[in-house]
Amino acid sequence: MEIRVLGCSGGIGGDGRRTTSFLLGDEVLIDAGSGVADLTLEELVAIRHIFITHAHMDHIHMLPLLIDSVFDQLQQPVVVHGLPHTLKALRDHIFNWVVWPDFTSLPSEELPVMVLEEMAPGDRVTVGDNHFSMIPVNHIIPTVAYVVEYPGGAFAFSGDTTTNDTLWEGLNALPRLDHLIVEAAFSSGELALCEMSKHYCPQLLADDLRKLEHDPQIYLTHAKPGEEDMIYDECRNLMPDRKLHHLTGGERLAL
Ligand SMILES: [Zn+2]
Ligand SMILES: [Zn+2]
């Protein structure tokens, strides 16, 4: 399987900065941040499932335009998976006929172009050969990490989170973990901001990674624009024994 990093920045601002979205193969998106806008119309039409980590703008804001852009061309609905809280936020605040049409009832209630499918920790959704599950994490609103078990391996994406036990216990329970995409949003000098917004800084991430019993390739994401190099350098100094990579928009990971 290939993961195409459409976006993994904490913001925008040139140099490949797009907000969070990962394309798995042709059919699956995890999150729908601004990176989705780089896909061709044909690539957008091919998307069948979208797994959303949480309702924050930087992770969902291309979803309305994606659905609108492929509206005439879809033979079957796009299935959007997420926590009840996440899907309710989409219904109440985005697809509410004010900000955007309710595409769960268009072109008809019987055959809509988009279906919102509630998912809970413990559920397992299979798409092709890949199995998706979620693990709750610790962010300012209900948020999950996703685990994808694919033939021959497993990878996980943390979503947005700060210090927690659930993610690490969930990952330790997996028989294997080959790749981990994890956030490190702010530098360690911004600890107060991390605690307020419930993100990791390198120090908090290093403390939590001691809980992880696997030794995956680790890809750092969600850095505040302009602080990428500083955050990455801090992470490398604090976690010299981990296999760290600085992920950037446009990269492709072959799993
Ligand atoms: Zn967030
Ligand atoms: Zn975010």
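Ala, Val, Leu, Ile, Met, Phe, Trp, Tyr, Cys and Pro count here as nonpolar, Asp, Glu, Lys and Arg as charged, and the others, Gly among them, as polar. On that scheme, the lining of the largest pocket has four nonpolar, seven polar and four charged residues. This is a predicted model, so to speak of local features takes a pLDDT of at least 70 and side-chain atom pairs count only at pLDDT 80 or more, while totals for chains, interfaces and linings use all residues. Residues are numbered from 1 along each chain as its sequence is written, chains are lettered from A and ligands numbered from 1 in written order, and side-chain values rest on heavy atoms, with hydrogens and water left out.

Grid points are joined across faces, edges and corners, and a volume is the space filled by probe spheres set on the points. The largest pocket has a volume of about 150 Å³. It is lined by 15 residues, and S9, E228, H246, L247 and T248 are the closest to its centre.

The count of cavities of 30 Å³ or more comes to one, and the largest cavity has a volume of about 40 Å³. Its lining consists of A184, L220, T221, A223, E228, I231, Y232 and H246. Helices (H or I, at least four residues) and strands (E, at least two) are DSSP runs, numbered from the N terminus. By class, the cavity lining divides into five nonpolar, two polar and one charged.

Helix α8 also has a partner. The axes of α7 (residues 202–209) and α8 (residues 228–238) come within 9 Å and cross at roughly 35°; axes are lines fitted to C-alpha atoms, for helices over the stretch in contact, and angles run from 0 to 180 degrees between N-to-C directions. P202, Q203 and A206 in α7 meet I231, E234, C235 and L238 in α8, contact being heavy atoms within 4.5 Å. Five nonpolar, one polar and one charged residues make up this contact.

Helix α7 is mostly covered, with six of its eight residues buried, where buried means under 20% relative accessible area, exposed over 50% and partly exposed in between (1.4 Å probe, protein chains only). The buried ones are P202, L204, L205, A206, D208 and L209. Their cover includes α5 (166–172), β11 (179–183), α6 (191–197), β12 and α8. D208 has a relative accessible area of 2%. Beyond its neighbours within four places in sequence, D208 is in contact with T162, T163, N164, W168 and Y200. T162 is 46 residues away along the chain, yet the two C-alpha atoms are separated by 9.0 Å.

L244, in strand β13 (residues 243–246), is buried too, at 11% relative accessibility. Leaving out residues up to four places away in sequence, L244 touches I218, Y232, C235, R236 and M239. L244 and I218 are 26 residues apart in sequence and 4.8 Å apart in space, C-alpha to C-alpha.

Conventions: 1 Å grid on protein atoms, 1.4 Å probe; cavity = no way out; pocket = protein on both sides within 12 Å on 5 of 7 lines; lining within 4 Å.
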